[in-house]
Amino acid sequence: MAAMSDPHLGWAAPSAYHRICMRHFASNFMTRFKDKILKNLVCRAALAPTVRKFNKHMNTIGRINSEALHWLESVPVHIWALSHDGGRRYGLMTTNISEVFNSVLKGARSLPVTALVQLTFFRLNGYFVARRELGANRLASAEQFTPYVDAQLQARVVKGGSMEIVLYNHVKGLFHVKSRRGRTHRISLHEKNCTCGKTLIYGFPCSHMIAACQHRCVDFRLFVDGYYSTRSYHDTWASLFHPLLNEDEWPIYDGPTIVPPDSMQRMGSGRPISTRLHNEMDVREGITSTTCGLCKQLGHNRRSCNNRNQM
């Protein structure tokens, strides 16, 4: 927290912007109000791509529980609602983008310190190598964007092919586009904006903007943020890990001797007691009772089944 609050370290605007995880935000809301319907409405409000849809869900929350609405309004809306984000988070509403490393380092946390560091080093090296090679291969084959964005753009090209486009100003690139559902959206190619909000949120053109671009023979790839380019992807994983030397080749250590405190020593055998603070997210929703694989009854398993010896 001290590093993030220090303005000289680059963890503040315009280098970085603070946002909160929707899942943790909804969990804190659930802990306070204990209402699954309200929790689902909070998630819908957070994920709404437009202010109109956001206000619709907030009004529904206010009609159900005015105190809950007041609690939500006390939190700056731009740090938890996608419609007020300004395109800073690229549609990423949870911390999954960082927690994915939990799977990379799976099994490492229970190891001794030296083994933990070694395993972390080798697994991260493999993680970087695989993605660096993917980026190099896509650069060699002249692929302009990452696989995810390529797939999204192709799907939106197909979707935009069935839309009705009306041109209002060819200089400013002002259109309105009518979707198959009958809803009309305003497009401004000059401002790189669509009233559906998705172009600003995700950083690449929505199906309405793609339809307008194709109507005017404009390359819609010009509206994709540079962060999605294959070059950016390759440069992200370009850092190299260097092979470790044998222990007898290490430089001589000249520093303080670190001795672990007695309070950190494990007392006794068995699994150590977890100090993790559990909350509402640790409880699985819709959990059912155990079903026996032999008699198909609830409340026990096949190992403790009374009919085990009879079958």
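**Close-up 1. Cysteine 295 and cysteine 292.** The sulfur of cysteine 295 lies 3.7 Å from the closest cysteine sulfur, in cysteine 292, which is too far for a bond. A disulfide is a pair of cysteine sulfur atoms within 2.5 Å, and a search of the whole structure finds zero of them. Cysteine 206 is likewise in no disulfide, the nearest cysteine sulfur, that of cysteine 196, being 3.6 Å away. Cysteine 295 is buried, with a relative accessible area of 18%; buried means under 20%, exposed over 50%, and partly exposed in between (1.4 Å probe, protein chains only). Cysteine 206, at 1% relative accessibility, also counts as buried.

The model is predicted: local features need pLDDT of at least 70 and side-chain atom pairs count only at pLDDT 80 or more, while totals for chains, interfaces and linings use all residues. Residues are numbered from 1 along each chain as its sequence is written, and side-chain values use heavy atoms, with hydrogens and water left out.

**Close-up 2. Aspartate 85 and arginine 19.** These side chains form a salt bridge, with the closest N and O atoms 2.6 Å apart; the term denotes a side-chain nitrogen of Lys or Arg within 4 Å of a carboxyl oxygen of Asp or Glu. The two residues are 66 residues apart and link distant parts of the chain. Aspartate 85 is buried, at 3% relative accessibility.

**Close-up 3. Arginine 138 and aspartate 150.** A salt bridge joins the two side chains (2.7 Å, N to O). Arg138, Glu143 and Asp150 are linked in a network of salt bridges. Both arginine 138, at 13% relative accessibility, and aspartate 150, at 17%, count as buried.

Terms used
Helices (H or I, at least four residues) and strands (E, at least two) are DSSP runs, numbered from the N terminus.
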